[in-house]
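Please open the structure in your viewer and keep the sequence beside it, so that each selection can be followed step by step.

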Amino acid sequence: MRGREAELTELAGMMRQPRGRFAVLCAAGGMGKTTVAAQLAAKADAAGWRVFWVRWRDSAELAQQMVQAALACGLPEAELESAQAGQASLPDVVWRQLGRARRWLLVVDNADEPQEIGPAGEPLADYRGWIRPHGRGLLVMTSRDGSQQTWGPRARLLPLTPLPAQPAGEVLVDAAPAAGTAEQARDLAVRLGGLPLALHAAGTYLAGPTSRYRTFTTYRQALEQELPLLLGAELPEASHTRVARTVVRHTWEVSLDQLARKGDALARPVLRLLAVLAEAPIPLSLITPDLLSAVTGDNVTVPALEAAFAGLHRYGLLGVPHPPGNTGQASGISGPAQVVLHPLIREINTVALAAEASHLTTWHQALAERLTAAVHEVDEQGRAGWSAAVLLAPHLPALLDLPDARSTAPP
């Protein structure tokens, strides 16, 4: 385990003293949530705790496994039979026993759609169903949903971010010790944005005896031309969610599919559109309903667009930049609202857009026309539009590199 010591330390502290809380390891796909939970489970098991691991699939299976956990923690058969006969609430019975027992760890992995956990029609944050903060052990959820509103006031959210260069480089050296120096590994780790899933994919590739690229340096150089092959290749078996979660090209599509199932079909084209822009903060004012209508052919409303941004943020697929020295407050509060993409999320979504869009020219021209209009808007504002102009500037050269958009790009 590299670079997650702070999260593991906090989780260990919560195991000793839950204090009516549960933990949620949350982040976009590929950040290593399951790996951190597994490391915690291994430590708990080694210390003699009862450890239960539930991989979320559906409410019926969750109920069955929660009952098994309660039985292992001493739930009397008579109490279970009473609940099964309808004389008591089954979740109440289970959590009453988990409140009596000590030294247990329960992990519910991949709970990416918490609203499906139940009870039906009630917010999870009411704590009346299977997810509660009342036990004397520790409940740990892993989820792509990082909203405090989803999980409620008794959830301790532990958002995972990309690994810093040093531990990220160590991950690569661990996986492929013969592929080069620690410094070369750090350079590749930085290129991969510290994303654990990408580090794992690169390390596994480099350690393969028949791989074309065998060193950190040659792999990093190859990414400039062959990223769609090395990290962006589609796998036929990725139609299975379990496989898709483990592949860089597909892991974020799982989140986009989940958002679409909840009625937020606009999230995917918004993310694809953001990926066409430069690797820099993007002003939200640039992305308008008319722009999305132009690329999707659908009638896009302001509420639908705002819901798409909110969903992408909740699932960790885009972030909000922070001012230097302030990691807790978004920089867009006093200035123009803006968002950022992880570099690899941006690159992979560019690959995905090229593969699925039959008319890329439409996307490029629509974006060029919108940038042209945005430049004129800030120009008309004079000094008042300076902060917006600064945000727009990095995206103009990137668009000029698109040959089918040059004729409409702003001067």
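Begin by selecting His342, which, when residues up to four places away in sequence are not counted, touches Met31, Pro162, Leu192, Gly193 and Leu195, where contact means heavy atoms within 4.5 Å. This is a predicted model, in which local features need pLDDT of at least 70 and side-chain atom pairs count only at pLDDT 80 or more, while totals for chains, interfaces and linings use all residues. Residues are numbered from 1 along each chain as its sequence is written, and side-chain values use heavy atoms, with hydrogens and water left out.

His342 lies in the loop between strand 7 (338-339) and helix 16 (343-356), helices being DSSP runs of H or I with at least four residues and strands runs of E with at least two, numbered from the N terminus. With 14% relative accessibility, His342 counts as buried (under 20% relative accessible area, with exposed over 50% and partly exposed in between, using a 1.4 Å probe and protein chains only).

Next, select Glu226 in helix 10 (residues 216-230). Is Glu226 buried or exposed? At 16% relative accessibility, Glu226 counts as buried, and, leaving out residues up to four places away in sequence, Glu226 touches Arg212 and Tyr213.

Finally, select helix 14 (residues 289-296) together with helix 17 (residues 360-381). Leu291, Ala294 and Val295 in helix 14 meet residues of helix 17, including Trp363 and Arg370.

Conventions:
Axes fitted to C-alpha atoms, helices over the stretch in contact; angles between N-to-C directions.
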